[in-house]
Amino acid sequence: MTNTNNSEIPSQSDKGLNDQTDKVTSAPGKVEMQNLQAAYRINGKNYLKWSQVVRTFRKGKGKVSHLFGTRPAEKDPKFAAWDEEDSMVVSWLWNSMPPDISDTCMFLPTAKDVWESIQQTYSKVKDAAQVYEIKAKTSSTKQGFKSVTEYANTLQNLWQEMNHYRCIAMKCSEDATTLKQFIEKDRIYDFLASLNVEFDQVRVQILGKEELPSLNGAISMVKAEESRRGVMLQPQPVEGSAMVSTGGNNNTLKQNQPINDNGRNDISQTLQP
C-alpha cells in the first residue's frame with residue numbers, strides 16, 4: 001500500500017487561487033484591456049481613436065513616458081524596474097491589437113519601438129486619399145432624421161480626424177490663430193448649411209450676428225431651438241371631461257321630461273314638486 005501525503009495534494013480552493021494567479025501573471029494588462037477591446041482595438045482603420053485611448057490610459061497610469069521617452073542605460077540602477085514596467089506596457093499594447101497586427105511587432109524590444117512601428121504603418125498623416133475621403137463624408141453629411149446632437153457629433157468626429165490627417169505647420173503664432181479662426185468659421189457654415197429647414201429661423205439669427213459665435217456656441221443655439229420646438233409641439237391635454245359630464249346630464253334631463261300635446265318637452269311639469 002502506498003502512503004499518501006495529504007500535504008502534497010492541493011485543495012480545490014488552492015487550485016482555484018493558483019488558476020486565477022496564473023491568468024493574471026501570464027497576461028499582464030489583459031484585464032485592463034477588456035473594456036477597450038470591444039470598441040477601440042486597432043483594426044487598421046481606426047488608428048486615430050486607438051492612439052488617443054492608448055495615450056490617455058497610459059498617461060493615467062503614469063506610464064506614457066514608455067511611449068515617447070528614452071530608456072535608462074542598462075548599467076543604471078533604475079533600469080531593472082524600468083524594464084519590468086516597459087514589458088507590462090508592451091504586453092498591454094499587444095492586447096490592444098488583433099493577432100495579425102501584434103505579430104508584426106512581437107519581437108520589438110521596447111514599448112516605444114512597438115508604438116512607433118504601429119504609428120508608421122497606420123497613422124496615414126498627410127495621406128491625400130484619407131483627407132479626400134473625410135472631406136467627401138463631411139460634404140455629404142446632412143441632418144435628416146438625426147437629432148441636432150447626433151448630427152453635430154457626426155461632424156465633429158470627422159473634423160477631429162481631419163485635424164489629424166491634415167497637418168498645417170505655421171511659423172507665426174498670429175498666423176496660427178488666424179487660421180484656427182478661419183477653419184472654425186468654415187465649420188460653422190458647414191454645420192448650418194445641412195440643418196433641416198425647420199431651423200431656418202435660428203440659422204438666419206446666427207448668420208445675422210455682427211460677429212459669429214464660436215462653433216460650440218452655434219451648436220448650442222440650435223440645440224436650444226430644438227428643445228423649444230419640442231416643448232411647443234407637444235400635444236396639449238384637452239379639458240373635455242367636464243363638457244362630457246355636463247352633456248350627459250342634459251341628455252338625462254331631456255329623457256326625463258314629459259311630452260305635451262304639441263310634442264315638446266314640458267319643462268314646467270318636470271320642475272313641479
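**Entry 1. Overall make-up**

In what order do the elements of the protein run from the N terminus on? I looked this up first, noting that the model is a predicted one. Reading from the N terminus, I found the order α-α-α-α-α-α-α-α-α-α-α-α-α-α. My tally for the protein is 14 helices and zero strands.

I then looked up burial for the chain. Of the 273 residues in the protein, 26% are buried. Among contacts with a separation of 6 or more, 60% are accounted for by residues 24 or more positions apart.

I next turned to W92, which is found in helix α5 (residues 79-95).

The helices concerned were looked up next. Helix α3 (residues 47-60) packs with α5 at an angle of about 150°, and the axes are 12 Å apart. I therefore noted α3 as roughly antiparallel to α5. The crossing of this pair, α3 and α5, is right-handed.

Which residues of α3 meet V89, W92 and L93 in α5? I listed W50, V54, F57 and R58 on the α3 side. Sorted by class, the contact of α3 with α5 has six nonpolar, no polar and one charged residues.

**Entry 2. The packing of α9 with α10**

I examined helix α9 (residues 148-165) together with helix α10 (residues 173-193). Their axes come within 11 Å and cross at roughly 145°.

From α9, the contact draws on V148, Y151, A152, L155, W159, M162 and N163. From α10, R187, D190 and F191 take part. I divided the residues of the contact of α9 with α10 into seven nonpolar, one polar and two charged.

**Entry 3. Salt bridges**

How many salt bridges does the structure hold? I counted four, and followed up several of them in detail. As background, side chains of opposite charge can pair when their charged atoms come close.

I began with E133 and K137, whose side chains meet in a salt bridge at 3.5 Å, N to O. Both residues lie in helix α8 (residues 128-140), four residues apart, which is about one turn of the helix. For accessibility I noted E133 as partly exposed at a relative accessible area of 36%. K137 is likewise partly exposed, with a value of 41%.

I then looked up R203, which forms a salt bridge with D200. The closest N and O atoms of R203 and D200 are 2.1 Å apart. How are R203 and D200 placed in helix α11 (residues 200-207)? They are three residues apart, and so about one helical turn separates them. R203 counts as buried at 14% relative accessibility, whereas D200 counts as partly exposed at 35%.

I also recorded the salt bridge in which the side chains of R228 and E225 meet, at 2.8 Å, N to O. Because R228 and E225 are three residues apart in helix α12 (residues 215-232), about one helical turn separates them. Here R228 is partly exposed, with a relative accessible area of 42%, and E225 is buried, with a relative accessible area of 13%.

**Entry 4. The packing of α11 with α12**

At what angle do the axes of α11 and α12 cross? I noted roughly 150°, with the axes coming within 10 Å. This angle is over 145 degrees, so α11 is roughly antiparallel to α12. The crossing of α11 and α12 is right-handed.

On the α11 side the contact is made by V202, Q205 and I206, and on the α12 side by A218, M221, V222 and E225. I classed the residues in the contact of α11 with α12 as five nonpolar, one polar and one charged. I noted that E225 takes part in this contact and that the side chain of E225 also meets R228 in a salt bridge.

Methods
Residues numbered from 1 in each chain as written. Predicted model: local features only at pLDDT ≥ 70, side-chain atom pairs only at ≥ 80, totals over all residues. Heavy atoms only, no water. Helix = DSSP H or I, 4+ residues; strand = E, 2+ residues; numbered from the N terminus. Buried < 20%, exposed > 50% of the residue type's maximum accessible area, 1.4 Å probe, protein only. Axes fitted to C-alpha atoms, helices over the stretch in contact; angles between N-to-C directions. Parallel < 35°, antiparallel > 145°, perpendicular 65-115°, else oblique. Left-handed = near helix turned anticlockwise from the far one by under 90°. Contact = heavy atoms within 4.5 Å. Nonpolar A, V, L, I, M, F, W, Y, C, P; charged D, E, K, R; others polar.
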